Protein chains: 2
Amino acid sequence: MSGRLYGIGVGPGDPELMTLKAVRVLSEAPVVAYPAPDKGESSARMIAAAHITAGRIEIAIRVPMRPGPEPASVYDDAADKIARHLAAGRDVAVLCEGDPLFYGSFIYLHDRLGDRFPTTVVPGVSSLTACTAATGRPLVRRDATLAVLPATLPDAALEAGLAATDSTAILKVGRHLPRLKALLARLGLVDAATYVAHATRADERIVPLAELGAEEAPYFSMILVAKERA
Amino acid sequence: MSGRLYGIGVGPGDPELMTLKAVRVLSEAPVVAYPAPDKGESSARMIAAAHITAGRIEIAIRVPMRPGPEPASVYDDAADKIARHLAAGRDVAVLCEGDPLFYGSFIYLHDRLGDRFPTTVVPGVSSLTACTAATGRPLVRRDATLAVLPATLPDAALEAGLAATDSTAILKVGRHLPRLKALLARLGLVDAATYVAHATRADERIVPLAELGAEEAPYFSMILVAKERA
């Protein structure tokens, strides 16, 4: 009998925002896999570290940190390694920051393994709700609509999403910050916008967009546009 | 010194999808409040029941179950009760299904108390990521955009949101199911759509929209339209 593949959302960064289920599944799985940079520690592993006991088989999926499409060969290799454990009857827990299927890196393994092995996805607290909680400002209520837009999109696509909905979350701000500020200024939305970086982590930063100077934004940052109080 | 108001997301239904932080804050707060129907048990309280120890002061916020705007007087009264505990120095944990600021009932208390008392929002696993995990089908990846649309909106608003984004979650399906099916059929999106009711609960139901007959949908149901695999 083959093992089970678990995609585990470990939440936005604060280890206390892991779910009880994530902790249990992780504590039971003999094999743990996680994305990691070329060199250095995996953020997902750091969040979950307290629950990874000694003697586990660990698979670091080394994903080069650069813009552009996900490197298919990295996930092909990782899927092969994970498949061997599953075929041998060992459950494999794959850690994923935030939620596994909401812009999560687990999707690339799910594509390769989800049809071949029994799979369970353990949802996690997403960056969307974590950033909203950090601002302490309601995002959507009642009949309000929400758009979630990656900052990598061209202005026209961002503008269409902003126009079609009440509130908007722009993800993965990174180097796109100056362009996003200019776009939101042109649309008269700067005063409704809040910038949030690394929500729930030690280096969390929350600044009204209007007060944010020219700076480099990290990849894990978001602009929340809550029109309801604009 | 006044107490602290906590808005606690208890997640979508499975008690194991509560976060470690929700459990800790709840176990420490002397006062626990939660929305409840006119008669009968509170869903939010049922999810968190194992962590509410004897001797806590409990405040059931009895919200009449009917369509239309939230009854302001119910939340005014609840805010008054909660404010008295906070003013007396007692922390109050307000339970909220899903996430507190993502269509959460906590928003109505946050409106009334968030500026008067120190407030912390503990984000939770939202119905959005829980339903997605239940379907086992990725919702958004890389540059894909997402719209979140309440089913109560008229067709034109739903159609605008569906057209402007790659994937869509239509919330609070309830009695709108036949209209939504007709709309998605007209847009050629039925084969990309999955119906999910009561995700992660004992009565969870997941059905491709194309296979769903005429039936009553519960309020806590969702249609996920994942265009990427349509």
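Where is the place of Lys39(B) in chain B? In this predicted model, Lys39(B) sits in the loop between β2 (31-36) and α2 of chain B. Lys39(B) counts as exposed, because it has 7 C-beta neighbours inside 10 Å. Going from sequence to space, Lys39(B) is 23 residues away from Arg62(B) along the chain, and the C-alpha atoms of the two are 7.9 Å apart.

Ala49(B) belongs to the loop between α2 (43-48) and β3 (57-62) of chain B. With 11 C-beta neighbours inside 10 Å, Ala49(B) is exposed too, since the cut-off for that label is 12 or fewer. Pro15(B) is 34 residues from Ala49(B) along the chain, with 8.6 Å between their C-alpha atoms.

Now for the chain as a whole. Chain A is built from seven helices and ten strands. Its radius of gyration is 19 Å, close to the 17 Å that the globule rule gives for 230 residues, so chain A is as compact as a globular protein of that length. Of the 230 residues in chain A, 52% are buried. Among the contacts in chain A with a separation of 6 or more, 70% are between residues 24 or more positions apart.Chain A splits into domain 1 (5-122) and domain 2 (127-229). The centres of these two domains of chain A, taken over C-alpha atoms, are 28 Å apart. Where the domains of chain A meet, six residues of domain 1 are in contact with seven residues of domain 2. On the domain 1 side of that meeting place in chain A, three residues are nonpolar, two are polar and one is charged.

Five of the five residues of β1(A) are buried, which leaves the strand mostly covered. In a regular strand the side chains alternate between the two faces of the sheet. For β1(A), both faces are covered: Leu5(A), Gly7(A) and Gly9(A) are buried on one side, and Tyr6(A) and Ile8(A) are buried on the other.

Strand β5 (residues 119-122) of chain A pairs with β1(A) in the parallel sense, over four bridges. Strand β4 (residues 92-96) of chain A also pairs with β1(A) in the parallel sense, here over five bridges. Ile8(A) takes part in both pairings: Val122(A) stands opposite it in β5(A), and Leu95(A) is its bridge partner in β4(A).

What about the second copy? The same surface serves both copies, as 100% of the contact residues of chain B recur in chain A.

As for the interface itself, 43 residues of chain B are in contact with 43 residues of chain A. On the chain B side, the elements that give two or more residues are α1 (20-28), α4 (106-113), β5 (119-122), α5 (127-135), β6 (146-150) and α6 of chain B. The largest share of that side comes from β6(B), with five residues. By type, the residues of chain B that touch chain A divide into 24 nonpolar, 13 polar and six charged.

β6(A) and β6(B) run antiparallel and are joined by three bridges. Within this pairing, Leu146(A) stands opposite Val148(B) in β6(B).

An α-helix has 3.6 residues a turn, so residues three or four places apart point the same way.

Technical notes: Residues numbered from 1 in each chain as written. Chains lettered and ligands numbered in written order. Predicted model: local features only at pLDDT ≥ 70, side-chain atom pairs only at ≥ 80, totals over all residues. Contact = placed C-beta atoms within 7 Å. Rg over C-alpha atoms; globule rule 2.2 N^0.38 Å. Buried ≥ 20, exposed ≤ 12 C-beta atoms within 10 Å, placed from the backbone. Domains from an automatic or database assignment. Nonpolar A, V, L, I, M, F, W, Y, C, P; charged D, E, K, R; others polar. Pairing = 2+ DSSP bridges.
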